[in-house]
Amino acid sequence: MDQVKCEQIVDNLFQVLIQGSGQDYIGERISQLEHSLQAASQALDAGADDETVLAALLHDIGQFTTSPDQKQMLFDAAALNEIDPGAVGGEVKQISVGVTGHERIGAEYLRKLGFSDKVAVLVESHVPVKRYLTAKYPEYYEGLSGASKLSLKYQGGPYTAEQVQEFEADPLYNLKVQIRQWDDAAKVVDLKVPSLDYYHPMAVKHLLQQNNIASST
Ligand SMILES: [Fe+2]
């Protein structure tokens, strides 16, 4: 995958985010795009590495796929990276029936586009981390919105003591919790943060690096 192709993939992916910019962030007074940019900006402020910043920016990409246009753009982005159209079509169909598992759908897309495993894992974890935090900190549960409390039930409820221990042994544990905290705080109305353009070169550089790693192994 060369520079031009990486840029095309990022162009398409960011178009999906722009198209979703009018979409409300569930139950909040900001758009999905503003929410994503605020999550990424907190990662930048914390001095996080590029993979973590990109994961914060793209953590809800699985939510940006509700209109036929957005699905087509995701499809085009995937096609650029020579992904099996059948597999992508199958996932798009799955997206159309609801947002259940948007974290898994998002992670899978990012993997297919060529993002690193770390980015995908961090995206995929932002929902299960809620199960950890509600088990560990009862006050965290109290602070959740009604919609979030309800979705927790469908996500399997708070972790058991054993699952909490297992999660804390994960090398990415701290980053996973941080992404969730940035996600939770990314709902400020009219906050000035860097625009999507800021992240374009970072995403292209990341895809190129991944490609170089893949071709040297
Ligand atoms: Fe989010």
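Start with His35 and Asp60: both are buried in this predicted model.

**Stop 1: the iron site**

The ion is coordinated by His35 through NE2, His59 through NE2, Asp60 through OD and Asp183 through OD. Distances run from 2.2 to 2.3 Å. Turn the view and check the angles. They span 79 to 171° among the four donor atoms, and the site is irregular. Four donors would need all angles between 85 and 135 degrees to be tetrahedral.

Now colour the donors along the sequence. Their spacing reads H-x23-H-D-x122-D. His35 sits in helix α2, residues 32-45. Asp60 sits in the loop between α3 (50-58) and α4 (68-80). This pair, 25 residues apart, links distant parts of the chain.

**Stop 2: the whole chain**

Zoom out and switch to cartoon. The protein chain has 13 helices and zero strands. Of the 217 residues, 47% count as buried. Next, display contacts between residues at least 6 apart in sequence. Of these, 73% join residues at least 24 apart.

**Stop 3: helix α3**

Select α3. This helix is mostly covered, with seven of its nine residues buried. The buried residues are Thr52, Val53, Leu54, Ala55, Ala56, Leu57 and Leu58. Show what surrounds them. They pack against α1, α2, α6, α7, α12 and α13.

**Stop 4: the largest nonpolar core**

Which residues have the most contacts inside the largest nonpolar core? Select Leu13, Phe14, Leu17, Leu57, Leu110, Phe115 and Tyr199. The core has 39 residues. Elements that give two or more residues to this core are α1 (3-19), α2, α3, α6 (102-113), α7 (117-125), α12 (173-185) and α13 (200-216). The most comes from α1, with seven residues. Colour by domain next. The core draws at least three residues from domain 1 (3-125 + 195-208), and at least three from domain 2 (128-184).

Centre on Leu110. Leave aside its neighbours within four places in sequence. Leu110 is then in contact with Leu13, Leu58, Ile61, Phe115, Val119 and Val123.

**Stop 5: the aromatic rings**

The model holds five aromatic pairs. Select Tyr132 and Tyr173. Their rings are edge-to-face, 5.7 Å centre to centre, with 85° between the planes. Tyr132 belongs to helix α8 (residues 128-136) and Tyr173 to helix α12. The two are 41 residues apart, so this is another link between distant parts of the chain.Why is the Phe167 and Tyr173 pair edge-to-face? The ring centres of Phe167 and Tyr173 are 5.6 Å apart and the planes stand at 85°, so the pair falls in that class, which takes planes over 60 degrees apart.

Tyr132, Tyr159, Phe167 and Tyr173 form one aromatic cluster. Colour the cluster by accessibility. Tyr132 has 1% relative accessibility, so this residue counts as buried. Phe167 has 8% and counts as buried too.

**Stop 6: Ala120**

Move to helix α7 and pick Ala120. Is Ala120 buried or exposed? Its relative accessibility is 0%, so Ala120 counts as buried. Set aside the neighbours within four places in sequence, and Ala120 is in contact with Ala107 and Arg111. Now draw a distance from Ala120 to Arg104, C-alpha to C-alpha. The separation is 8.7 Å, for residues 16 apart along the chain.

**Stop 7: Asp190**

Finish in the loop between α12 and α13, where Asp190 lies. Check its backbone. Phi of Asp190 is near 60°, a positive value in a residue other than glycine. Most residues other than glycine have a negative phi. Then show the surface. Asp190 has 67% relative accessibility, so this residue counts as exposed, whereas His35 and Asp60 from the opening selection are buried.

Conventions:
Residues are numbered from 1 along each chain as its sequence is written. This is a predicted model: local features need pLDDT of at least 70, side-chain atom pairs count only at pLDDT 80 or more; totals for chains, interfaces and linings use all residues. Side-chain values use heavy atoms; hydrogens and water are left out. Donors are N, O and S atoms within 2.8 Å of the metal (3.2 Å for Na, K and Ca); water is not among the atoms, so sites may look incomplete. Four donors count as tetrahedral if all angles lie between 85 and 135 degrees; four count as square planar and six as octahedral if opposite donors are over 155 degrees apart and all others between 65 and 115; anything else is irregular. Helices (H or I, at least four residues) and strands (E, at least two) are DSSP runs, numbered from the N terminus. Buried means under 20% relative accessible area, exposed over 50%, partly exposed in between (1.4 Å probe, protein chains only). A nonpolar core is a set of buried Ala, Val, Leu, Ile, Met, Phe, Trp, Tyr and Cys residues joined through side-chain atoms within 4.5 Å. Domain bounds come from an automatic or database domain assignment. Contact means heavy atoms within 4.5 Å. Rings of Phe, Tyr and Trp (its six-membered ring) pair if their centres lie within 6.5 Å; planes under 30 degrees apart count as stacked, over 60 as edge-to-face and the rest as tilted.
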